Amino acid sequence: ERDAIARRHAVHLLGILNKDTTVGESAYAVHDHVGNVHAALNWTFSDAGDTSLGAALAAAAVPIFMDLSLLTECHRQAAIALDALDDGARGTRLEMHLQAALGVSSMFVYGNSPEAFTALTRCLALTDELDDPSQQLVVLGALHLSLYRRGDLRGALAIARRGERVARRLADPGAHSLVDWMIGSSLHLIGDQTAAETRLRSALVPQPSSKRMAMASFFLIRIRSLVLLARTRWLVGRAEEAIRVA
């Protein structure tokens, strides 16, 4: 009866992970299931398992992997799940979420790799087709960070401006913090310290997090904004304020 029980275990976990909660104490309680999720994924992708169930479970588990910084595990499971998708699942929200997981985790684990860029651009195309502004904004945040790291500051700013247009569609304060950080960081390195400071201060306003923007929390918006805010104040000659922020 092992396979029958393993299937029921995986289905049960999928229900827990897909429960509609906000990020907070109730949502973080699912972290206790990380061992169960790992075991269930191992079964679903085994010869006796169910790869379609495994792909859905892998996508649902992404917030846990990201919250706990299990980036290598997130990357591995997303890659396995994408390889297991049948033709009917291509172009769906399931593929979109898995491509986002693969792209973001690959960027942090392996740097600005071709794999990360391919996954993120594929995901971005799917967010357009499926009209998913929340996922689109997360992917734009990842692409912005990739361009920022490469020194393509004008390209990063263009992505950030695009993100701002997407954020206007979302009644989600966390989305606006993400955009303010994206634009502020680009303006800082381009040289417009006054405008950068305004954006970075706005990004620091405490915002309630939502499940839709959970992956964006891995960009460490508050920490990055504080670092850049200290630098902007230093560059305009407000040394004491810069030291306090630092």
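Guide: Before we start, contact means heavy atoms within 4.5 Å. Helices are DSSP runs (H or I, at least four residues), numbered from the N terminus, while strands are E runs of at least two. It's a predicted model, where local features need pLDDT of at least 70 and side-chain atom pairs 80 or more, but totals for chains, interfaces and linings use all residues. Residues count from 1 along each chain as its sequence is written, and side-chain values use heavy atoms, without hydrogens or water.

Visitor: Which residues of α6 are buried?

Guide: Glu95, Met96, Leu98 to Leu102 by way of Gln99, Ala100 and Ala101, then Gly103, Val104, Ser105, Ser106 and Met107. Buried is under 20% relative accessible area, exposed over 50%, partly exposed in between (1.4 Å probe, protein chains only).

Visitor: And what covers them?

Guide: The cover includes α4 (51-67), α5 (71-84), α7 (114-130) and α8.

Visitor: What's just after α6?

Guide: Gly111, with a positive phi of about 85°.

Visitor: Switching to Gln135, is it buried or exposed?

Guide: Gln135 counts as buried because its relative accessibility is 8%. Gln135 sits in α8 (residues 133-150), and beyond neighbours within four places in sequence it contacts Met96, His97, Ala100, Cys123 and Thr127.

Visitor: How many residues has the largest nonpolar core?

Guide: 71, and Leu17, Leu57, Leu98, Leu137 and Trp181 have the most contacts inside it. α4 gives the most, eleven residues. Such a core is buried Ala, Val, Leu, Ile, Met, Phe, Trp, Tyr and Cys joined through side-chain atoms within 4.5 Å.
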